[in-house]
Amino acid sequence: MLAKEKTALVVGAGEGRKMQVMGNEVTVKLTRQETAGEYYLFEVVTPPGVGVPPHVHQCEDEIIEVIEGKYEFMLGDHSYTVTPGDLVHFPRYVPHAFRNVGAKPGQTRWTVIPGTSFEEFFEELAALPEGPPDLEQVAAIFARYGMEILPPPGDDRAGI
């Protein structure tokens, strides 16, 4: 059960719960408890070449701020190169993906609205064994949280 009121607090630059999620280091900055489920805020350090496959959310909107690095974001049928200071917004139902296309690790800050189930979603992904993820297992976790992994652009397959 979520708190009825949001928590006032200061989260320091190096603070927050850290976990590994599909090759990315995620640091949770504001939990659903602290925001009464209205949003979930986290930072991600992504190694070069790492990202998240195309997928679509049924329940959440996302806002991403690029802090360091160079990323390629797929939003619907378009691809964008984004760099520090750029902001990316994708509402639910918009297919999207991202990948660090720079030579160094990149850092992004994400706000997910609402934040009611994203914490459990990340915990399940973080519990997967290290190494290349089993995409069928990942797809099943995504599906439990109202998300669908999509085929790469130009691929005619429906899902995994």
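How many bridges join β6 to strand β9 (residues 96-100)? Five, and the two strands run antiparallel. This is a predicted model, in which local features need pLDDT of at least 70 and side-chain atom pairs count only at pLDDT 80 or more, while totals for chains, interfaces and linings use all residues. Residues are numbered from 1 along each chain as its sequence is written, and side-chain values use heavy atoms, with hydrogens and water left out.

Some terms come next. Strands (E, at least two residues) and helices (H or I, at least four) are DSSP runs, numbered from the N terminus. Two strands pair if DSSP finds at least two bridges between them.

Start at β6, residues 71-75. Four of its five residues are buried, where buried means under 20% relative accessible area, exposed over 50%, and partly exposed in between (1.4 Å probe, protein chains only). On β9, Phe-98 is the bridge partner of Phe-73. Phe-73 also stands opposite Tyr-80 in β7. Strand β7 spans residues 78-82 and pairs with β6 in the antiparallel sense, over five bridges. The two strands form a hairpin with two residues between them. Gly-76, in the turn, has a positive phi of about 60°.

Now widen the view to the sheet. It is open and has five strands, in the order β7-β6-β9-β4-β11, with antiparallel pairing. β7 and β11 (147-149) stand at the edges with a single partner strand each, so one side of each lacks a neighbour in the sheet. From one strand to the next, the twist averages 25°; axes are lines fitted to C-alpha atoms, for helices over the stretch in contact, and angles run from 0 to 180 degrees between N-to-C directions.

Val-56 has Glu-148 in β11 as its bridge partner. Helix α2 (residues 135-144) lies across β4 and β11, and runs at about 155° to β11. Contact here means heavy atoms within 4.5 Å.

Turn to the charged side chains. Side chains of opposite charge can pair when their charged atoms come close. A salt bridge is a side-chain nitrogen of Lys or Arg within 4 Å of a carboxyl oxygen of Asp or Glu. By this rule there are eight salt bridges.

One of them lies between β6 and β9. Arg-99 and Glu-72 meet there at 3.0 Å, N to O. The pair links distant parts of the chain: Arg-99 is in strand β9 and Glu-72 in strand β6, 27 residues apart. Arg-99 is partly exposed at 38% relative accessibility, and Glu-72 is partly exposed at 30%.

Another joins Arg-17 and Glu-123, at 3.1 Å, N to O.

Arg-109 forms a salt bridge with Glu-65, with the closest N and O atoms 3.4 Å apart. Here strand β10 (residues 106-113) supplies Arg-109 and strand β5 (residues 61-68) supplies Glu-65, 44 residues apart. Both belong to a network of salt bridges that also links Glu-43.

Gln-33 lies between β2 (24-30) and β3 (40-46). Gln-33 is partly exposed, with a relative accessible area of 36%. Lys-4 is 29 residues away in sequence, yet 8.9 Å from Gln-33 in space, C-alpha to C-alpha.
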